[in-house]
Amino acid sequence: MLALTELGQRLRQERENKGLSLEDLQKLTKIQKRYLLGIEEGNYEVMPGKFYVRAFIKQYCEAIGLDTDAIFEEYKSDIPSTQTEDMPQQLSRVRSRKEIPQHTKGVSKAYDYLPTVLVVAGVVVVGIIIWVIAQNIVSDKNKEQANQEAPNSEVQQSNTQEETNETTAKNDNSKSEDEQSAADKKEQEKEKAEKEKAAKEKAEKEKAEKEKAEKEKKDSGKQEYKEVQKTGRSATYALSGTDAFNLEVTSTQADTWLDVKNGKGNAFFSSILKKGETKEFDLTKETEARVNIGYSPGVELKVNGKAVDLPFDSSKQVRQVVTIQYQPAEAQ
């Protein structure tokens, strides 16, 4: 950024005191922002000409309420001049070209040339006056033309910028709508896929439950669950007449320790069974299962969906161990 001139600092300070931005001043004066910034920075090279510099400075001052004449006088060293200040030297040159008679030829002969010299000098002076007047007229016309063309140029550029902004906004809106539409479509497809997946899982679960219920119903008619041995806190039962061995353990009153193993000692579950929790075990491939219940009050057992009693009164025998020996019907 260029260093501000004294004039530029004065103008910027007055503008900011008025609470005006360069955009606000651009709207007031119809002068492009870059020219206004050039005035504040003293960067007159961006201007189209010296006439525009003075004209734009004048409009700037009027817009912020400064006395134009006073500003031009006070900061004349910062403002370029549009009129040449070179004084023609034709008069002296004309006189230098004329040979002035030497005193040796006499004073009378010098007076013979004086009228010619005066006529030539008068012609030169008149020419200079006419040239200066013509320059002033041309300067005023150029200044007026600059003031007329600058606002028109600003208006045209402003209209062009507005049209460009409108086109850009429309394109952005169209792009935004397309992106939103694509996102909505993707979300709808995702929701549809999730619903289809949930419906499929529900149907499969219902089918499996139905098949299980039918099998349990079928087996319950032939299923036989009878006591084989009972001693201490342990009891053994034989399960036969069925091709399935499904065990359910539910705790209805309190948390209890539950340990379920097969005949080889491999554990299916060995942890706390919380109140209200149910654990299911498919033991169809096993020949024996050992169920160790740490707190039997409120514990329910079901074999193939059919409730079976615990071997001991839970009020007398809190911890109970139930062993179930399984022989499939097809092997009988």
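**Strands, cores and a helix crossing**

Leu301 has Val308, in S9, as its bridge partner. Helices (H or I, at least four residues) and strands (E, at least two) are DSSP runs, numbered from the N terminus. The model here is predicted, so to speak of local features takes a pLDDT of at least 70 and side-chain atom pairs count only at pLDDT 80 or more, while totals for chains, interfaces and linings use all residues. Residues are numbered from 1 along each chain as its sequence is written, and side-chain values use heavy atoms, with hydrogens and water left out.

Stepping back, the chain holds seven helices and 10 strands. Of its 332 residues, 28% are buried, where buried means under 20% relative accessible area, exposed means over 50%, and partly exposed lies in between (1.4 Å probe, protein chains only). Contact means heavy atoms within 4.5 Å. Among the chain's contacts with a separation of 6 or more, 65% are between residues 24 or more positions apart.

Back to the strands: S8 and S9 run antiparallel and are joined by three bridges. Two strands count as paired if DSSP finds at least two bridges between them. Both belong to an open sheet of four strands, ordered S6-S3-S8-S9, with antiparallel pairing. At its edges sit strand S6 (278–282) and strand S9 (306–308), each pairing on one side only. On average, neighbouring strands of this sheet are turned by 25° against each other, direction ignored.

Glu248 has its place in strand S3. With a relative accessible area of 17%, Glu248 is buried. Leaving aside residues up to four places away in sequence, Glu248 touches Lys212, Thr278, Lys279, Glu280, Glu300, Leu301 and Lys302. Glu277, by contrast, is found in the loop between S5 and S6, and counts as partly exposed at 24% relative accessibility. Leaving out residues up to four places away, Glu277 touches Val249, Thr250, Ser251 and Ile272. Glu277 and Ala254 are 23 residues apart in sequence, and 9.7 Å apart in space from C-alpha to C-alpha.

Next come the nonpolar cores, meaning sets of buried Ala, Val, Leu, Ile, Met, Phe, Trp, Tyr and Cys residues joined through side-chain atoms within 4.5 Å. The largest has 25 residues, and Tyr225, Phe245, Val249, Leu258, Phe281 and Val303 have the most contacts inside it. Several strands each give two or more residues to this core, including S3 (246–251), S4 (256–262) and S8 (299–303). Val303 touches Gln223, Tyr225, Leu239, Phe245, Asn246, Leu247, Val308 and Ile324, residues up to four places away not counted.

As for the helices, H3 (residues 33–41) and H4 (residues 50–64) pack at an angle of about 90°, their axes 11 Å apart. Axes are lines fitted to C-alpha atoms, for helices over the stretch in contact, and angles run from 0 to 180 degrees between N-to-C directions. That makes H3 roughly perpendicular to H4, as angles under 35 degrees count as roughly parallel, over 145 as roughly antiparallel, 65 to 115 as roughly perpendicular and the rest as oblique. Tyr35, Leu36, Ile39 and Glu40 of H3 make the contact with Phe56, Ile57 and Tyr60 of H4. Within H3, Tyr35, Leu36, Gly38, Ile39, Glu40 and Glu41 are buried, and the buried residues of H3 pack against helix H1 (6–17), helix H2 (22–29) and H4. Just after H3, Gly42 adopts a positive phi of about 70°.
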